[in-house]
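Please look through the sequence and the model shown here before reading on. The paragraphs that follow take up the contact with DNA and then the pairing of the protein chains.

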2 protein chains.
Amino acid sequence: MKITSRFTVAVHTLLAIHTFEGSDKTTSEFLAASVNVNPVVIRRILQSLKAAGMVEVRAGSGGAHIAKPLEDITLYDVYRAVDCVEGELFHFHEHPNPDCPVGRNVHALLDGRLAAAQTAMENELRRTTLKDLADELPAA
Amino acid sequence: MKITSRFTVAVHTLLAIHTFEGSDKTTSEFLAASVNVNPVVIRRILQSLKAAGMVEVRAGSGGAHIAKPLEDITLYDVYRAVDCVEGELFHFHEHPNPDCPVGRNVHALLDGRLAAAQTAMENELRRTTLKDLADELPAA
DNA sequence: TTTCGTTGTAATAATTGACATTACAGGATG
DNA sequence: CATCCTGTAATGTCAATTATTACAACGAAA
């Protein structure tokens with residue numbers, strides 16, 4: 001099982017807007033060409049990013065723009081914005097047998113550990129900002 | 001997107017074998033009753049655990065047994081054994097536009113960071129052994 | 001104000017993976 | 001050899017992802 005590509009597509013999209021706004025009209029179609037997905041996919045992701053206050057999208061005239069300094073957007077923020085993982089990363093089998101001492105307790109035993117693992121991953125995503133990435137991009 | 005429940009089912013299964021072998025015949029059907037899944041699911045997971053040297057399963061006579069000290073089995077080992085995540089946790093969009101400076105470079109920019117996040121999660125799983133869990137189980 | 005390019009969003013389909021379930025051949029043991 | 005089991009293939013269902021078409025609403029410019 002993999003985390004949906006919405007996440008990497010969203011990061012890609014933000015970097016592309018940053019790179020091209022000013023020189024090009026960053027429409028969903030333009031962005032879709034860089035990412036190589038359907039423009040509708042980009043529009044939906046832009047909606048999520050807009051809801052998170054990261055971009056501004058103009059309805060009629062077209063074009064998306066960065067609405068927040070890149071150094072204030074971490075990979076974790078994007079990950080959250082596009083909702084890659086609803087709630088828990090690990091999937092529990094729902095109905096262990098309550099009449100079994102193991103079944104009755106697995107959930108409690110594991111929950112904390114699994115949450116810690118997920119948090120460790122998420123904290124690692126917090127360490128990178130989009131500015132870090134933009135700075136490493138060769139000049140357009 | 002969630003990581004398959006095979007992982008938590010496998011941990012549950014190992015703990016159940018540990019708890020009941022000696023007092024009960026730990027057949028796939030018996031274990032399935034504790035976890036509350038189909039016995040075939042258990043048999044398939046037992047195959048993975050056997051391949052990883054964690055259990056021994058007897059073909060004709062029935063019953064699974066722990067084949068390795070619980071303190072030598074970490075959550076990470078189980079996670080690996082059942083192959084929750086084939087390779088990379090994060091899913092990349094496969095064909096970004098190579099003619100775009102962003103498309104050409106996103107992969108390289110992100111790969112290291114995403115791998116670090118995944119590793120952080122996996123390292124956290126290494127911190128818990130099945131013995132830790134078994135010790136916290138109320139006596140059968 | 002009409003036109004034109006874009007966004008926002010619904011509807012639909014294709015694809016994929018998980019999990020359940022049935023079925024049965026082939027061990028092991030009394 | 002009769003009886004439990006395991007090992008595994010085949011099939012079905014369900015949910016989530018992504019692609020794609022279609023179109024109403026919107027904004028700016030002619």
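**DNA contact and chain pairing**

In this predicted model, α3 (39–51) of chain A and α3 (39–51) of chain B each supply at least two residues of the surface near DNA strand C. The element that gives the most to this surface is α3(A), with five residues. In total, 26 residues surround DNA strand C, and the closest are Gln47(A), Ala59(A), Gly60(A), Thr4(B) and Ser5(B). Sorted by class, the residues of the surface near DNA strand C comprise 12 polar, eight charged and six nonpolar ones.

Individual approaches to the phosphates can be followed in chain A. With Gly63(A), by contrast, it is a backbone N or O atom that lies 3.4 Å from a phosphate oxygen of DNA strand C.

How are the two protein chains related to one another? Chain B can be laid on chain A with an RMSD of 0.1 Å by a turn of 180° and a shift of 0.0 Å along the axis, and the two copies are therefore related as by a two-fold rotation axis. Within chain B, the C-alpha nearest the axis belongs to Met121(B), at 2.4 Å from it. The same surface serves both copies, in that 100% of the contact residues of chain B recur in chain A.

The contact itself takes 56 residues from chain B and 56 residues from chain A, and the area buried between the chains is about 4,900 Å², of which carbon and sulfur atoms give 68%. Met1(B), Lys2(B) and Arg113(B) supply 16% of the area that chain B buries against chain A, which is more than any other three residues.

Polar interactions also cross this interface, where 24 residue pairs are found in polar contact. The count of salt bridges between chain B and chain A is two, and in a salt bridge of 3.0 Å, N to O, the side chains of Glu136(B) and Arg113(A) meet. The side of chain B that touches chain A draws at least two residues from each of α1 (6–20), α2 (28–35), α5 (101–126) and α6 (130–136) of chain B, with α5(B) giving the most, 16 residues. By class, this side of chain B has 33 nonpolar, 16 polar and seven charged residues.

Conventions. Residues numbered from 1 in each chain as written. Chains lettered and ligands numbered in written order. Predicted model: local features only at pLDDT ≥ 70, side-chain atom pairs only at ≥ 80, totals over all residues. Heavy atoms only, no water. Near = heavy atom within 4 Å. Polar contact = N/O pair within 3.5 Å; in protein donor to acceptor, adjacent residues only side chain to side chain. Helix = DSSP H or I, 4+ residues; strand = E, 2+ residues; numbered from the N terminus. Nonpolar A, V, L, I, M, F, W, Y, C, P; charged D, E, K, R; others polar. Least-squares fit on C-alpha atoms with pLDDT ≥ 70 in both. Contact = heavy atoms within 4.5 Å. Buried area = accessible area lost by both parts, 1.4 Å probe. Salt bridge = Lys/Arg side-chain N within 4 Å of Asp/Glu carboxyl O.
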